[in-house]
Amino acid sequence: MSVFTARRDFAACCIFSVLLASVQAQHHLLEPLLEKARGRFPETAGSGLCAAQGGREPNVFLTRTQQQDSGFTPLEFAVVESVLFNHPLARVFVFLLGSIDESVFDRYLVEGYCIIVVQLHAAWIQTAIQSVEHELTNDQFALMSADPRAVPFLMNCALASLQFVYGGISLSFDGLLLNPFDMLLPAALPLHRTAVFIERVLAPEEQAPKEALQREDFELSWMPRSHTDRADGHTLICGDNLCPRAMPAGCPLARQLLRAWLEAFLMTGSSPRCDLEATRLYSAYVRNRPQSQTRLEDGQFAVVALPGWVIVEPHFPDGWRHYGHRGQIEESEDRGQFHSQLYTPRVHRERSDWSLVRSLKLWLPLDYGPQSARNAMPRSVVDLAQRFLALRITPFSPGPLRFGTIEPTLTSHTWHTPVDAYEALDNSMAESLGVGARPKLSREVALPGTTGGFRTFRDIRVVGRGACAVPGFVVRVRAAISLSHPGARLFCRPAIRPDGPLDGAPDSEVAWNACRAALTETGFDLTGLPSLVNSALSHLGFWPVRGPGHPPAQSSADGRLSAAELDMHFADLHLELTTDACPDAGEAIGVPKASNIVRSTLHALVDDVQDQVTVVAHSASRCELLERLALSFHSMYDRMLVMVTCECPEPGPEGERCSPPEARDHPTIAFMKIVDVPYDFGLSRGKRLLAQWAQTEFVLVLDDDFVRSPLSCMECMLLHMRSRMHSLTLPFDLLGFPILEDERNFGAFRGQLRATNGPLYLEPMASEAAVDGCMRVGIHPMAFLARTARLRQFKFQDQLPVGEHEQFFYANRYLGLHAAVCFDSTFPHFRVQMSAGYKQRRERMQELATDAFKKIGFQGMMYLLHKCDAYSGIDHNEFIQQNIPPWSISDDTCGPQPEPPTDFVMFFVAIFSKMDDRGALFRRMLRGFLDSLLLHRLDGHFS
């Protein structure tokens, strides 16, 4: 038995080239299955059902390795629909062990969605692998397949073979796809030419192999990250079949992986660790990749590794639990959320949790904990994902199982919009008990621009199915969309991801051409199969309207706008869906007949964020980071003004040049102004100065080491500031966002500030979130979107070198500061290694912080980044060790307990009495039986 004599040329990995000859000769595995699906519904096949390979519509390989012949469960149907919800024209291949009735997916084929069932067996897997690795003999495959534990490994090899031949995304039935798979890719990397893997961070106690990714592997990649957002020397590339990945057709990396895995098995006689070979090949690629390369040339491929946190964690990093119980002792202490917080909702956090997961995550695993812990409760993350990522074609209801109102399976087409989430997350009797009428909720959900188009139209879908069973009748729908504002025009985006280029090749030629053909002078009008309509909607967007908004000098004292003024920033987005009625028995097909019409109206923000927001930041001793910040914003918003303050070095004439502060244009970056300020000017003074000089209605206040990313949504933040849901009552003055890197490392720095007995406490209490996920807080990180006029009114303590953050939020409550945090946008905190000068300044922080808090009247500051439990001995012991009275800490949303009237003292008292009638009377009195007869008898004893 020979082992492959493959030559591993790692240097050749840096620029991959297409192997067209070998790829085209191997298109015989899946093509017969596609032809069979088209033959089942010839009337739909003419509309592009399961189109032949060669287009840019992705292939998705869904694998189910559990042996079961009971068909598909509701959760497995939800997995399939989550893929089609995000990629309507994808060719979905369902690989499974065991037999199943292929007609289970017929109702999807009728609607134009391509789903093909492939029943796995050893011969099929062998054919798939040998179609790429011709040197693999039958005896070698028989040796590998003889080990029953090698089934997952062989399935992984078969998937790699299919990805090399056809290209595609491999997923498992153990998770839900939350967003398009290419959501986080840079603009220069299209999915059909990029291999995508996900990192796997090793457990702290796990021994790291020598192949683990090192610092240079992260810094030289296409998507570098902060050193605080990665685990150098303790991270691998996940290569097994359960980890989501994508590889384009003809990418040599797939073939190299396959050959390396097979060689390792034949040499050791057992299934190898697929992660090690994947990590080694990825590391060789990034270290040999030309760093000057910013785009792919014809015939080239790229390889990226997404961070592991794109997968939803079992527990949210903010550490908040409604009833305490951190779940670190045993399962009985916190049975509902011990294994994960995804199947049971967190009280008062359901809305914000769903907003974060839907906006900032890619994959939702369903296999956390044992089967007994996977009962999806209403409003849990799993329940909401099943409901809001559903096409509602499945025979099972997407609603919560046996809880609340069961949503019936739709037998007609209707609209799914972002407002559906608002209605389900509203705390009304209609959702909880199925009685009463739903209240009218805000419909301000549509956003302008490229990023806004992605956030809006990823959630606008045609759902349901046609009920017509007449042979030869093709289900077609007509979607018509228009905007009421004359200046807002609909357009088609070539890429469905937020950072896709506007002038590049489209991700899907079929959907792109359908979208452009549907554009009219008045809007959008498209007729076709529901799958085609949904794919075209994924490319849709609308341009914002240029306008200055309300300059700070013209704003009212409290920054509040009237209802009429708010209406000027919105337009109506009209949706109309028409479905042809089913012909009666004996009636000719194609004869016009009355149709079913469904209408919906959304409110669309039409503001241009580039005209209404200025990005401001202050820097000291590391002003070189400011250029990185500006360029990251200009990659999406080329006209957005970035204004920064830069402290000059202390000695020499350079420091004299910076007094007084002067603004100058950046020599090479347009729309960037630099204000030179003296050394030790201070963060508070810098932000106050920038707020005074800003001319836009809003300022985005950041630190110098922040950047913009595909997860950043300026339009979302501006919508929350404009939304009548918040602005007609108590408009937000400051709007924060979750800083994901810091929350994973330190905890969520947001909540309420409270001064008790000297110290200042930060507690994770917050009012319940609104239906859009925003919650009002007393303090959040010093990175936020602010109303410029209000920010100018707030007081800054310029003399405080540190501690100004806490003082700012605590003191400005007197001026009516209203702060909130929304979870549908984030800006990465791209920390860098500290330079010598900056490190010297940071080393003063502890001493300066102590003095600063004394100046503002506090003995100290305590950050309670998780909710404490009144019945937890661990929490009480922690407070006692720090000389903090336990009753000074809030244990629920009602605030702390009252302070004891006297000093808290524990003592033991022993009372002795005689065994006679007098002693019995005294014991009876001590036990609380005090009546007139007893007093009379006692009086007799005393006398």
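Two residues are in contact when heavy atoms of each lie within 4.5 Å. Keep that in mind for this tour of a predicted model.

**The whole chain**

Begin with everything displayed. The protein has 33 helices and 31 strands. Of its 943 residues, buried ones make up 56%. Among contacts between residues at least 6 apart in sequence, 79% join residues at least 24 apart.

Select Asp611, which sits in helix 20 (residues 609-612). Its relative accessible area is 16%, so Asp611 counts as buried, the cut-off being under 20%. Now show what surrounds Asp611: apart from neighbours within four places in sequence, it is in contact with Arg546, Gly547, Pro548, Arg639 and Thr696. With one of these, Arg639, the side chain of Asp611 makes a side-chain polar contact of 3.1 Å.

Is Asp608 buried or exposed? At 7% relative accessibility, Asp608 is buried. Arg639, at 22%, counts as partly exposed.

Side chains of opposite charge can pair when their charged atoms come close. In this model the count comes to 45 salt bridges. Select Glu313 and Lys361 next, whose side chains meet in a salt bridge at 3.3 Å, N to O. Here too the pair links distant parts of the chain, 48 residues apart: Glu313 is in the loop between strand 9 (302-306) and helix 12 (350-360), while Lys361 is in the loop between helix 12 and strand 10 (363-365). Color the two by accessibility: Glu313 is partly exposed, with a relative accessible area of 22%, whereas Lys361 is buried, at 3%.

An α-helix has 3.6 residues a turn, so residues three or four places apart point the same way. The closest N and O atoms of Glu277 and Arg280 are 2.5 Å apart. Glu277 counts as buried at 15% relative accessibility, and Arg280 as partly exposed at 25%.

**Stop three: helix 10 against helix 11**

Two packed helices are described by the angle between their axes and the distance between the axes. For helix 10 and helix 11, the axes come within 10 Å and cross at roughly 140°. That angle makes helix 10 oblique to helix 11, since only angles over 145 degrees count as roughly antiparallel. The crossing of helix 10 and helix 11 is right-handed.

Which residues of the two helices make the contact? From helix 10 they are Leu253, Gln256, Leu257, Ala260 and Trp261, and from helix 11 Cys274, Glu277, Ala278 and Leu281. Glu277, then, takes part in this contact as well as in the salt bridge with Arg280.

Now pick helix 6 (residues 122-130), whose buried residues are Trp124, Ile125, Gln126, Ala128 and Ile129. Show what they pack against: strand 2 (91-96), strand 3 (114-119), helix 7 (138-145), helix 8 (151-165) and helix 10.

Then move to helix 24 (residues 714-722). With 9 of its 9 residues buried, helix 24 is largely enclosed by the rest of the structure. Its buried residues include Glu715, His720 and Arg722.

**Last stop: Arg831**

Finish at Arg831, in the loop between strand 30 (819-821) and helix 29 (836-842). Arg831 is partly exposed, with a relative accessible area of 25%. Not counting residues up to four places away in sequence, Arg831 touches Ser226, His227, Thr228, Asp705, Asp742 and Phe746.

Technical notes. Residues are numbered from 1 along each chain as its sequence is written. This is a predicted model: local features need pLDDT of at least 70, side-chain atom pairs count only at pLDDT 80 or more; totals for chains, interfaces and linings use all residues. Side-chain values use heavy atoms; hydrogens and water are left out. Helices (H or I, at least four residues) and strands (E, at least two) are DSSP runs, numbered from the N terminus. Buried means under 20% relative accessible area, exposed over 50%, partly exposed in between (1.4 Å probe, protein chains only). A polar contact is a pair of N or O atoms within 3.5 Å; within protein, one must be able to donate a hydrogen and the other to accept it, and residues adjacent in sequence count only if both atoms are side-chain atoms. A salt bridge is a side-chain nitrogen of Lys or Arg within 4 Å of a carboxyl oxygen of Asp or Glu. Axes are lines fitted to C-alpha atoms, for helices over the stretch in contact, and angles run from 0 to 180 degrees between N-to-C directions. Angles under 35 degrees count as roughly parallel, over 145 as roughly antiparallel, 65 to 115 as roughly perpendicular and the rest as oblique. A crossing is left-handed if the near helix is turned anticlockwise from the far one by less than a right angle, and right-handed if clockwise.
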